[in-house]
Amino acid sequence: MGPLALDRAFEQRGGRVAHVRSTTIAAGDLSVRRPGPDLDARRRAVADAPWTWLHQVHGPAVVTVAAPGDRAGAAADAAVTAVTGAVLAVHTADCAPIVLVSDEGPVGAVHAGWRGLAAGVVEATVATLRAAGGGDVRALVGPCIQPSCYEFGKDALDEVVAAVGEEARGTTADDRPALDLPAAVVATLRRAGVDEVEASPACTACDADGRFFSHRARGDAGRQATLVWVEAR
């Protein structure tokens, strides 16, 4: 089992390359609960540059990063940057990690749980990215919990559906009401004008190879990280 679930590079205009990485349990716990040398070493093994990590609060706030490591620890669920070498990171253990990459240079990272999704964090991040100069935008949705494992209460499910549409309704493996988080994220991205969307089919709760931390399935305190940054050639 390798340390990365996703490792991609996208050519941008002006000789830049956007890098996208998403970790597995094999990379270790990358949660921000216990800062220190061990966490620093695990981060460097994934991306050897200052990380902008977030104090994720399940809301719509987006920060704009002006230098590598800028706004680290900010209370927000998304970050956008047009700065070369600035690593943006979100941390998940069932929620959906989303990376936005524009052809023009700006990139973004989003942590989307059901509360943040309903609050509009996806639309806010796309708008911030475009305001930073990103025109054509593609999105990658990393491993998250799938509806087969995500039974959801009726009132909360109705709240999400009212905010993002019927795509959020799903069913569990035993036909109980569920939140279809990846489908809701994809539909929200497309309504925000992002036509090129790629979503991982992996389920953090029931992955056959046990590659991911899952809060809902096992109460894991650990987190995987999803990152994006831009380098000049």
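Trainee: Which residue in strand 8 is the bridge partner of Thr52?

Mentor: The model is predicted: local features need pLDDT of at least 70, side-chain atom pairs count only at pLDDT 80 or more, and totals for chains, interfaces and linings use all residues. Residues are numbered from 1 along each chain as its sequence is written, and side-chain values rest on heavy atoms, with hydrogens and water left out. Strand 3 and strand 8 run parallel and are joined by two bridges; strands (E, at least two residues) and helices (H or I, at least four) are DSSP runs numbered from the N terminus. In strand 8, Thr52 has as its bridge partner Leu88.

Trainee: What is the strand order of the open sheet of five strands?

Mentor: Two strands count as paired if DSSP finds at least two bridges between them. Strand 1 (4-11) and strand 3 (51-52) are the edge strands, each pairing on one side only. The pairing in this open sheet is mixed, and its order is 1-2-15-8-3.

Trainee: How many bridges join strand 2 to strand 15?

Mentor: Within this pair, Val17 has Glu231 of strand 15 as its bridge partner. Strand 2 (residues 16-23) and strand 15 (residues 224-232) run antiparallel, and the number of bridges joining them is seven.

Trainee: Which residue in strand 15 is the bridge partner of His91?

Mentor: Strand 8 pairs with strand 15 in the antiparallel sense, over five bridges. In strand 15, the partner of His91 is Ala225.

Trainee: Are the faces of strand 8 covered or uncovered?

Mentor: Six of the six residues of strand 8 are buried, where buried means under 20% relative accessible area, exposed over 50% and partly exposed in between, with a 1.4 Å probe and protein chains only. Val87, Ala89 and His91 lie on one side and Leu88, Val90 and Thr92 on the other, so by that definition both faces are covered.

Trainee: Which strands stand at the edges of the open sheet of six strands?

Mentor: This sheet has mixed pairing and the order 5-7-10-9-11-14. Each edge strand has a single partner strand, so one side of each is left without a neighbour in the sheet; the two are strand 5 (62-65) and strand 14 (196-199).

Trainee: Which residue in strand 7 stands opposite Val65?

Mentor: Strand 5 has an uncovered face, Val62 and Thr64, and a covered one, Val63 and Val65. Strand 5 and strand 7 (residues 78-81) pair in the parallel sense over four bridges. Val63 stands opposite Ala79, and opposite Val65 stands Thr81.

Trainee: Which residue in strand 10 stands opposite Ala78?

Mentor: In strand 7, Ala78 and Val80 point one way and Ala79 and Thr81 the other, and all are buried. Strand 7 pairs with strand 10 in the antiparallel sense over four bridges. The residue opposite Ala78 is Val110.

Trainee: What angle does the direction of helix 5 make with that of strand 9?

Mentor: Helix 5 (residues 181-191) packs on the sheet and touches strand 9, strand 10 (107-112), strand 11 and strand 14, contact meaning heavy atoms within 4.5 Å. Axes are lines fitted to C-alpha atoms, for helices over the stretch in contact, and angles run from 0 to 180 degrees between N-to-C directions. The angle between helix 5 and strand 9 is about 25°.

Trainee: Is His58 buried or partly exposed?

Mentor: His58 lies in the loop between strand 4 and strand 5. Leaving aside residues up to four places away in sequence, His58 touches Asp77, Cys95, His111, Gly113, Arg115 and Gly116. Because its relative accessibility is 34%, His58 counts as partly exposed.

Trainee: What distance separates His58 and Pro177 in space?

Mentor: In sequence, His58 and Pro177 are 119 residues apart. From C-alpha to C-alpha, their separation in space is 22 Å.

Trainee: How many nonpolar residues has the lining of the largest pocket?

Mentor: Ala, Val, Leu, Ile, Met, Phe, Trp, Tyr, Cys and Pro count as nonpolar, Asp, Glu, Lys and Arg as charged, and the others, Gly among them, as polar. The lining has nine polar and five charged residues, and its nonpolar count is 10.
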